Every structure is written in C-alpha cells, then in structure tokens.
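Keep the model in view while reading.

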Amino acid sequence: MAEARKRRPRVCDYYQNEDQFARGVALCAGCALELNLRFVSRVLGKDVILVGTPSCSAPVLHGQNTKAWHRHPYYACVMTGVASSATGLTRYYEKAGIEATVVCHTGDGCAMDVGFQTLSGAAERNEKMIYITYDNEGYMNTGIQQSSGTPYGAATTTTPLGQASRGKSTAAKNMPMIVAMHDVPYVATATLSHLEDYAKKLVKAKAAAKEGFAYIHVFCPCVPGWRIPSDASIQVCRVAVRTNYFPLWEKEQGVWRITYKVRDPQPLSELTRLVGKLRHLDEDEVARLQAQVDYRYRVLEALCAAFG
Amino acid sequence: MAVSLDRQRKVITGNAAAAYAAMLCRPDVVAAYPITPQSEVVEQLAKFHADGWLDCEYVTVEGENSAQNVVCAATMAGGRAFTATSSYGLVYMYDAMFNTAGYRAPVVMVNVNREPPGIHAVCAGQQDMISVRDTGWVQLVVENCQEILDTVIMAFRLAEDFEIQLPVMVNYDGYYLSFLAESVDIPGIAEVDRYLEVLKSQPRRPRLLPGQAVGCGSHGIGTGYVELRKKHMAAMERVKSKLEEIEEEFAAMFGRKYGGQIEEYRTDDAEILLVTSGSAVGTARTVIDAKRAEGINVGLVKLRLFRPFPRERLSEVLRGRKAIGVLDRSICFGWDCGPLYMEIRALTPEVGIVPMLSFIDGLANMDITKEHIGQMIDAIVSAAQKKSYRQVTWLP
C-alpha cells in the first residue's frame, strides 16, 4: 500500500524551473543569501520580476554593464526606493493589463532602516507585490555595520567591543511583526534550514500578491559578518529556530499560526556559542537576550491563540 | 469645478493649469505627495481621477522620494508618468532624481519654486530648482499660467522623444503663479492626442516586462559608465534644438509660442540687457517699455531653458552690448552672486568683456517690484557709461 500513502511534498516538488542563476556567482563561500536567491527564483518561477538595491546581492542581480549572472527581469534602484519602484512597475502593469509578479528582494538594512518608510507605505496601500527581506542582521556588504536588525549584544564594526562597549546596546526591531500590524494579506517568517516550510510560504505569498502586499522575512546568516564557519550557515538557521530566536510563523488573511512548533526549545546559549558576533556575551547578557526572545515568543503565541 | 475635455477658456490658477495639462496628456501613472504651494496640483489630479476624467493609476505615496521612484519605474515599464513637488519635497527626492535621469526615464515633473529648508520660508524662491541642476534633468522655467499649461504638454513630447529620453522638470514660481488665477486657453484632449501622436510612430525604447531576461540599472563600471554619461550629455545637448522644433509644431497647432530656449524682448537695438526668468519677466517687460519711453535702449532676455543651459543662443544675443544685468531669485553660495549670473559670466569668452551686474531679489516672497527693476536698469545704464558699479546688489 506504499503508493497509496500520501507522500509529503519535498522541496524539489515546488520548483518551477531550472536554476536561473549562473554558477560561480560573486558571493562568499557558504553564503545563505545565494541559496535564498536561487531558491526564491526556482519556487516563484523565472517570470517574476525582481527589484533590488545596492547590497550583497547587487553584484549578482544588477549585473555589470551589459551582462548579469541570472535570467530574471530585474529592476535596480536606490535603497530608499525598493517598494516604491515596485509600486511603479505593478501600477503600470495593472493599467496596461499585463500580468506580472513583482518581488522586492532586499537586506534588513534596506527593509528595516533606510527603505522602511517606503515599505510601510506600500504595505499600507496594499500594493500587489511580494517583499522578501533577507535578514543578515546588519550592513554586511559595506563591512558589517549595525542595522536595526542587529540583535542586542552583537559585535559589529559600528558597535565594536571595547573598554566602554559590549556590542549593540538595544534590541533588533521585530520587523515581521511590524509588517503584520499593517494588516496585509500575507506575512511570514522563513529560513533556509526549513525549506519545505519556506516553499509553501512562497507559494502562498505569490497567490496573496494578486490581492495585495505579501511579506516574507528570511533569517539569513552571514559567514564573515557573523564569524561562523563557511559550512555552518544552515546549522545556525536550524538552531535559531530551535531556540525560538527566530520562530517560524505566518499571518494569513488575519489568521496567525506558528508553522513549525518547537517542542523543547533549546537555551539561547546554543546559538550564542555558535555565532562569533555573540560569543563574547556573558551569562547575564545571554539572559537578557533570552528574556527578549521569550517575550517576543509569548506575544506571538498570544496572537496565535487569539486569532489562530 | 465642472470639467470638460473639449477646448475651453477658463480662469484657473497656475496649479490648476499644471493639473489640466497633465490630465490632457493621459498619464498611465500619477504619484505625488502634497506640499505647499504645490498641493492644489495633487488635489486637482485626484479629483479628475475620482470623477473619472483621468484614467490612470493614482498613487497616494507616503513621501516625495517614493513619488519619484514610482514614476521612474512606471516609465521604465513603458508607461507615461507624472509627478509634482516643491522645495523640501524636491530635495527629498534627490537620490531618486539622479536615478531617474541615469535611467533616462522620460518622467515629467512640475516643481513649484519655493525656498528650500533651513530658514523655514514657506515662500517663493528659485533656490530649490538651482540645487538640483546637476542631476541630469532637463529644466524649464515659465512665466504665467498659460505657459505652465503649454509647457507641461510640450514637456511630455520632449521627454519621450526617442532622440531625447530624459526626465523634464517644469518650474514655476510658487505663490506668484501657483495661486494666481488667469484666463487660460485649455486645448481639447483630441488636439493634445494629435500633438503627442508622433511619439507612437517613433522607435520604442526597451521596456521592463515579465518573462524577459532584461535588467534595468546595471552596474556601470569603467567605460560602461563613461559611455552612458557621454550619451546622456549628448541627449542633453540635443534638447536645445528639439525644444525649438516641438515648440514650432505646438505653435502651428495651438497658436502660441515662447521663443524656445530663450525669449528676447526688445533686444534688437538694445545697448544694455537684463536677463531673468520666471514670474518676474512680466514685471520686467512693463519696466522695459517705460524705460524705452524715456529713451533708454534696454532689452530683456527671458531664460526658459535652464538645463541644458542655452549657451549658444545666449552668447549670440548678449554679444556686442555695453552692459548686462542678471536678476536672480536665488543665491549662489561660494560665488557671492546669483546662480544665473554666475553661469552667464561663464560666457565671457563668447560675449566679450563688458560690465556684468548681479541682482538678487524676490527671495522668500519679497516682491520684485517695478521700482526694483527700474533701479536695476539704472545701475546697468550707469555701468555701461563706464562708471564704477557694484558687481552684486541685493534688493531691496
């Protein structure tokens, strides 16, 4: 009766097309962003129009002079203008009766800092697009500076350790929650250790973007920026989920749901000892970060309980 | 306001004239953020849209930076797009303006001139437009409500012309023109369609569409960058003759013309000249007439095209005069004079060494009065008589 048993879909079942990216792209060894780009492209399909900015992904996505490392239609713009540029494209396509899926693909610096206003504006207007934030918790392309996605305690080049400093003194913005509060059709978190979960969310986002704004916040470690071994990116993603540091959830048409429930969450020290930028944290500091993580998780659970 | 798309004559404000012109050109996408003294343009277009006269996507953006990015992307996808701003809004879209120009995106934008941030003057002044002169946009400056309407229509022809492909900004003085109501001849939409029709027969630029392996905004490195910059520069130079060409066609269809890059007023036998732009030109004409009646051979040059700078035509008209005065409604830090004056002084090799006087007037809504312009002309006359003169004069 093996054939009658319902097989759970695997990642490759979601793929729409061959990899649209060239081999040997200009990203670091073990870069989670590269996997993210190729994955988004394969699940959403080669026809989607990508919109991006100067960032780590820019050398690959923008291309150079007349050549690029991929086959997607692509619109590069200023960091302040991703969601607004995507609006210009989608509104024109709407007017001209052209069917298209426009996907913004930016880092946390653009989404959460300098491009935050325009993202919030597009969400409020419920513009028909998918916005994917690959959150590597800082400005990695410019040399590992802190952003509002950088967690408490992290050492970056603008929150360095020193006699008078123990790293970043404030918490990261809870960005996916902020976008969820715009009451857009679809918001989700995802990461690269849980690809089936991510793929399902991309499919949902693509459908939701026909009606309005869809947002996916992707936890995306950076090998040199976080000082982790080049073979550890996926392991870090997995531990971030298992410690509830980065819970996987979605809000679909007002219904909140944790999509990957962790039975016995590991202590946060499992993550901080793996990640170089957090390894200096002492017991009290880890406890403080743990308290932030626990608080945010309880807020999420409460929302899921109330509106699940 | 009762709206009609047939030819009509109405008493409307400068802002309404800009909105009417934009509507008549059938933009696919309009995105704009309100700011004094431009707000009426945004409101008027929203009303046209709400009433079904204007069939476009109207994007109520959350700031001017987004407005600029929306219209830039819309034109790169193949649409016609319009936005309007002023002062703080203009400088808030500064990075995006470089982007629009660099993409050669044929956006048309109205900028209602107002003093920029710092000393918070909610007042007229051309400093905003001067501050963006190196972004690579075509910049026109107009004098009255009719010229606002006509120039916005011409701006779409100019921006989208296949030989140009550049964003065009139409500037007019806030307060003096934005809220001034004048009788304006509004063309019918069918006539405007006919005027813009030639664009459809031109080769079509590449568009960003789904399913194509095309990119927009590649890294230009080394020679790739230089090539695009040189092409942009060459397109800028072509604007000068193209503007005069499309204005001839406009004149043939609508019966109005403005001289193309510059308009000369009583310059033929003039020994001295005053150069200025914007709403001050009307006052200056009256004073020139009065001074002529007194026997002073003075002429007026109205600058319509600020970027590209009409070097050739200005050199021609300025050459052989005894003295030249330039009236600016803005200042040029670091040169201690007016910006137009500074640029006109750079024509000295072509014009010859004659006294050149800079007049700074009309900052922050101060009226450029007939008396002020009379004083300017007296000063130019005196300098022409080889008497000592002040190079820069702030009025009053």
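Both sides of strand β6 (residues 138-141) of chain B are covered. Val138(B) and Leu140(B) are buried on one face, Gln139(B) and Val141(B) on the other. The model is a predicted one.

**Neighbours of β6(B)**

β6(B) pairs with two strands named here. With strand β7 (residues 168-173) of chain B the sense is parallel, over four bridges. Val138(B) faces Val168(B) of β7(B) in this pairing. Between β6(B) and β7(B) the chain runs through helix α7 (residues 145-160) of chain B. This β-α-β crossover is right-handed. With strand β13 (residues 305-307) of chain B the sense is antiparallel, over two bridges. Here Leu140(B), one of the buried residues of β6(B), has Leu305(B) as its bridge partner.

**The six-stranded sheet**

Six strands of chain B form an open sheet in the order β10-β12-β11-β14-β15-β16, with mixed pairing. β10 (262-265) and β16 (392-394) of chain B each have a single partner strand, so one side of each lacks a neighbour in the sheet. From one strand to the next, the twist averages 20 degrees.

Within the sheet, strand β11 (residues 272-276) and strand β12 (residues 298-303) of chain B run parallel and are joined by five bridges. Thr276(B) has Lys302(B) as its bridge partner in β12(B).

| Helix (chain B) | Strands touched (chain B) | Direction angle |
|---|---|---|
| α11 (residues 280-293) | β10, β11, β12 and β14 (323-328) | about 170 degrees with β12(B) |
| α15 (residues 370-384) | β11, β12, β14, β15 (356-360) and β16 | about 150 degrees with β14(B) |

β10(B), an edge strand, is among the strands touched by α11(B). β16(B), at an edge as well, is among those touched by α15(B).

**A helix pair**

Two packed helices are described by the angle between their axes and the distance between the axes. How do helix α3 (residues 64-77) and helix α5 (residues 94-102) of chain B pack? Their angle is about 15 degrees, and their axes are 8 Å apart. α3(B) and α5(B) are therefore roughly parallel to each other. The crossing of α3(B) past α5(B) is left-handed. On the α3(B) side, the contact is made by Asn65(B), Gln68(B), Asn69(B) and Cys72(B). α5(B) contributes Ala96(B), Met97(B), Asn99(B) and Thr100(B).

Key:
Residues are numbered from 1 along each chain as its sequence is written. Chains are lettered from A and ligands numbered from 1 in the order in which they are written. This is a predicted model: local features need pLDDT of at least 70, side-chain atom pairs count only at pLDDT 80 or more; totals for chains, interfaces and linings use all residues. A residue is buried if 20 or more other C-beta atoms lie within 10 Å of its own, exposed if 12 or fewer, and partly exposed in between; C-beta atoms are placed from the backbone. Two strands pair if DSSP finds at least two bridges between them. A crossover is right-handed if, with the strands pointing away from the viewer, the path from the first strand over the helix to the second runs clockwise. Axes are lines fitted to C-alpha atoms, for helices over the stretch in contact, and angles run from 0 to 180 degrees between N-to-C directions. Two residues are in contact if their C-beta atoms, placed from the backbone, lie within 7 Å. Angles under 35 degrees count as roughly parallel, over 145 as roughly antiparallel, 65 to 115 as roughly perpendicular and the rest as oblique. A crossing is left-handed if the near helix is turned anticlockwise from the far one by less than a right angle, and right-handed if clockwise.
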